[in-house]
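Subject: Structure for you to look at

Hello,

Here is the structure I said I would pass on. Please open it first, then read the notes below it.

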Amino acid sequence: MTAAEPYAASAPAVGAADIGAWAYFEGAVVPIGDARVSIATHSFNYGTAVFEGIRAYRQADGSSSILFAREHYERMLRNARLVRASVPESAVELVEVTRDLLRRNAHDGDAYIRPLVYKSARSIRVKLTGLDDRIGIFTMPLGDYLPTGGIRLTVSGWQRVNDNAIPARGKISGSYVNAAFAAEDAHAAGYDDAILLTGDGHVAEASAANLFVVAGREVATPPLTDDVLAGITRSAIMLIAADAGLEVVERRIDRSELYLADEVFLTGTGVQVAPASSIDDRPVGTGEFPISLDIQRRYFAAVRGSDERYAHWLTPI
Ligand SMILES: Cc1ncc(COP(=O)(O)O)c(C=O)c1O
């Protein structure tokens with residue numbers, strides 16, 4: 001690359017065309033093109049940020065609502081303490097900012113909201129304090145992140161990042177290199193996603209989703225102490241499964257249980273509820289997943305405002 005052949009300054013990033021026209025950037029709503037950071041930004045260099053992924057769903061009546069808006073912002077502000085960041089905005093204020101952004105950006109159909117708390121100082125110091133913490137939020141349209149009718153999973157050779165290395169529960173930007181290693185290898189081998197194990201070989205979670213194993217009427221998911229994100233969808237699904245009369249337990253899960261289970265499914269804001277059809281090319285159970293599909297149906301009814309019991313999960317925009 002010579003000075004005569006610069007990168008095209010205006011080349012859009014993949015998917016950038018879809019990103020909403022307005023963003024929240026350093027305390028104000030600005031055109032997305034003005035929400036820029038320097039290449040010397042601390043978080044860009046070292047991954048010293050925490051983020052969230054939130055969805056807004058088109059409702060049965062044609063309006064739009066944000067799912068678990070306050071819960072996501074409360075988790076992000078709590079996790080910010082891990083990277084010693086604090087920002088003046090409260091969770092309630094950030095929900096209002098997000099409603100405003102979604103109204104302005106007016107995406108067709110369902111939308112995804114990406115807030116992050118990052119260290120905006122231009123600094124190469126490897127540290128956490130004194131680096132100016134800021135919040136950015138952008139939004140985009142988003143359909144299904146993974147197929148919801150049966151996915152092919154594989155157990156990754158990459159270990160889930162350990163709580164004493166980078167806490168998985170923190171949703172820390174830098175830790176997603178671990179998830180990207182696993183997802184990349186899984187995709188290259190023809191799978192939809194990877195399952196990561198803890199350092200001592202127990203099931204943790206998928207690259208960007210929590211995992212449940214169904215055996216009979218038991219629906220089990222790894223405990224939060226097994227290097228998983230405390231998924232907001234995970235909690236919602238535990239409630240839905242209990243409401244459906246299933247026995248919900250948090251316990252350690254062995255790798256071999258994945259191959260012997262009746263059903264396995266992933267949960268997350270992005271993946272929603274995604275049953276697995278196979279794991280490491282072994283069909284899961286009978287190849288049908290009636291319990292996963294029942295939970296999925298109940299979840300979609302809840303997020304689209306068709307089940308009054310869960311109406312408090314939704315914030316109209
Ligand atoms: C590693 C990881 N686990 C689990 C989840 C699911 O969390 P939530 O249900 O809060 O979206 C996510 C994010 O979607 C994630 O990135």
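**Around the ligand**

The ligand is surrounded by 14 residues, and the closest are Gly231, Ile232, Thr233, Gly268 and Thr269. A residue counts as near a molecule or strand if its C-beta atom, placed from the backbone, lies within 6 Å of it. This is a predicted model: local features need pLDDT of at least 70, side-chain atom pairs count only at pLDDT 80 or more, and totals for chains, interfaces and linings use all residues. Residues are numbered from 1 along each chain as its sequence is written.

Helix H5 (residues 232–243) supplies the largest share of the shell around the ligand, three residues. Helices (H or I, at least four residues) and strands (E, at least two) are DSSP runs, numbered from the N terminus. Sorted by class, the shell has five nonpolar, seven polar and two charged residues. Here Ala, Val, Leu, Ile, Met, Phe, Trp, Tyr, Cys and Pro count as nonpolar, Asp, Glu, Lys and Arg as charged, and the others, Gly among them, as polar.

**Overall build**

The protein has seven helices and 17 strands. Its radius of gyration (taken over C-alpha atoms) is 20 Å, close to the 20 Å that the globule rule (2.2 Å times the number of residues to the power 0.38) gives for 317 residues, so the protein is as compact as a globular protein of that length. Of the 317 residues, 43% count as buried, that is, 20 or more other C-beta atoms lie within 10 Å of their own C-beta atom, placed from the backbone.

**The two domains**

The protein is divided into domain 1 (19–141) and domain 2 (151–303), with bounds from an automatic or database domain assignment. Their C-alpha centres lie 26 Å apart. The contact between them takes 21 residues from domain 1 and ten residues from domain 2; two residues are in contact if their C-beta atoms, placed from the backbone, lie within 7 Å. On the side of domain 1 that touches domain 2, H2 gives the most, with four residues.

**The core**

Which residues have the most contacts inside the largest nonpolar core? They are Phe212, Ile237 and Val264, in a core of 84 residues. A nonpolar core is a set of buried Ala, Val, Leu, Ile, Met, Phe, Trp, Tyr and Cys residues joined through C-beta atoms within 7 Å. H5 supplies the largest share of this core, six residues. Leaving aside neighbours within four places in sequence, Val264 is in contact with Leu211, Phe212, Val213, Leu258, Ala276, Ile279 and Val284.

Regards

Key. Buried ≥ 20, exposed ≤ 12 C-beta atoms within 10 Å, placed from the backbone.
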